[in-house]
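This report describes a ligand site and the strands and helices around it. The structure comes first, then the site.

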Amino acid sequence: MDEFHYVSYAQEVIFGAGSLSRLSEAVERSGWRRLMLVTNRSLRESGHVTLVEGILGDCIVATFETVHPHVPDVQVDEALALAIENQVDAILGLGGGSPIGMAKATAFLLEEKRTGRPTRAASPMDQPRVPVIAIPTTYAGSEMTPVYGITHTRETPPRKVTVSDPKITPKLALYDPQLTLDLPAEMTASTGINALAHCIEALYSTTRNPLSTAAATNGVRHISRALLRCYAQGGNLEARTEMLIGSHLAGLALASVSMGLHHGLCHVLGGTANVPHGIANSILLPHVMRFNAEATAVQLAPAAEAMGLSVSGLSPVMVVDDAASRIFDLVGQMSLPQRLRDTGVKEADLAGIAQLAFQNRTVQNNPRPITNAAQIEKLLREAW
Ligand code: NAD
């Protein structure tokens, strides 16, 4: 890593138990007056939406609260129409990666509508006209990144694509671990593995840099200490806080590097076979780590150490194998599915999924070159 290039973003990050009480001051300071709240039903049911409404009062001029997983394009159209109708000046995503992705997509497209020009940043310093505020309640990490995923539902099969641009990065990320105390055990487990996967793919990314490596290594350390405790005792504020620090670091690492085969495949499985993102992550991560081991073992050594694995006397590839086994066991301990067949994916569909994945840009950024779809199909069969 003697040469590197990355973009870091002008963002305000507020972290801490009870920090939701600082939201209205931060919104006022930034001069945002007409917010659209984007979220989903379980956040309404848990009372979190009411809490935010109570804090922001009349500042919230519209609410879109039925975001579906994988951000379907038809819903983005609906949210965009609502934002235009209510002349919003900022969009607040509250919840997991789906509402935050929806907030990003809507803000990005709203700017295009208003200016009549593509929103694309001419330089990394360009700022969005419609900023995003993100309040995460899972460990997906989208609040830190310049990317959103959207599913083109009118295609057969539906296809999830990612859009990247500096202007997409949320301007304010507010983390309050208290909002995660009621995150269900399965969502805790699967989005926690998603955060771990961000660290793993950041460590061996072809565009890694010293910041992403430092963030990812520490992310693995926090997640390894906290995830199982959060799964077993959801109400443990200390564990929830440590886990959220881990997912923040994972998101920070993710924000400045390109992901590889693992993330590309998870997007294809999400958009095409509707596998929840965290579940796809949990099943595939050990398989992709082994697939990439020859090319990436040296970069993954710090992750193995941060997981508390003993590395002395082992070759780098053996260390990766141990780390992959540890993650496979962790997924099992948290009662998540460990095989693709358990998610409803049919064996007959694997060749088609591999073909789609082969054309995926993120897959093509993998550190071990992917030269044909058969390599991916073999991996998918092992995971099936
Ligand atoms: P999600 O946002 O789809 O949420 C899953 C479920 O968890 C929903 O039913 C939601 O209501 C529920 N939930 C969330 N917080 C809760 C809470 N505190 N209490 C009770 N229920 C709660 O799932 P996710 O895994 O967070 O996000 C996945 C999506 O995010 C995918 O579309 C993925 O591609 C995207 N993503 C994007 C990035 C990025 O950088 N752009 C990073 C990671 C994931």
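## Ligand shell

Of the 27 residues around the ligand, Ser42, Ser98, Thr137, Thr138 and Thr145 come nearest; a residue is near a molecule or strand if one of its heavy atoms lies within 4 Å of it. The model is predicted: local features need pLDDT of at least 70 and side-chain atom pairs count only at pLDDT 80 or more, while totals for chains, interfaces and linings use all residues. Residues are numbered from 1 along each chain as its sequence is written, and side-chain values use heavy atoms, with hydrogens and water left out.

The shell divides into nine nonpolar, 15 polar and three charged residues. In this scheme Ala, Val, Leu, Ile, Met, Phe, Trp, Tyr, Cys and Pro count as nonpolar, Asp, Glu, Lys and Arg as charged, and the others, Gly among them, as polar. Helix H2 (41–45), helix H5 (97–115) and helix H6 (185–203) each supply at least two residues of this shell. Helices (H or I, at least four residues) and strands (E, at least two) are DSSP runs, numbered from the N terminus.

## Polar contacts and cover

Polar contacts are pairs of N or O atoms within 3.5 Å; within protein, one must be able to donate a hydrogen and the other to accept it, and residues adjacent in sequence count only if both atoms are side-chain atoms. A backbone N or O atom of Gly97 is 2.8 Å from a ligand oxygen atom. For ligand nitrogen atoms, a backbone N or O atom of Val147 lies 2.9 Å from one, and a polar side-chain atom of Asp182 lies 3.4 Å from one. The protein covers 87% of the 860 Å² of accessible area that the ligand has on its own (Shrake-Rupley method, 1.4 Å probe; for residues, only the protein chains shown count as cover).

## Parallel sheet

Six strands form an open sheet with parallel pairing, in the order E1-E8-E5-E4-E2-E3; two strands pair if DSSP finds at least two bridges between them. Strand E1 (12–15) and strand E3 (60–64) are the edges, each pairing on one side only. Within the sheet, strand E2 (35–38) and strand E4 (90–95) run parallel and are joined by four bridges, with Leu37 partnered by Leu92 in E4.

Helix H4 (73–85) packs on the sheet, touching E2 and E3, at about 165° to the direction of E3. Contact means heavy atoms within 4.5 Å. Axes are lines fitted to C-alpha atoms, for helices over the stretch in contact, and angles run from 0 to 180 degrees between N-to-C directions. H5 lies across E2, E3, E4 and strand E5 (132–136), running at about 165° to E4.

## Hairpin and backbone exceptions

Strand E6 (147–152) and strand E7 (159–164) pair in the antiparallel sense over six bridges. They form a hairpin with six residues between them, and Gly149 has Thr162 in E7 as its bridge partner.

Most residues other than glycine have a negative phi, and most peptide bonds are trans. The peptide bond from Thr156 to Pro157 is cis, with omega near -10°; Pro157 is in the loop between E6 and E7. Val71, in the loop between E3 and H4, has a positive phi of about 50°.
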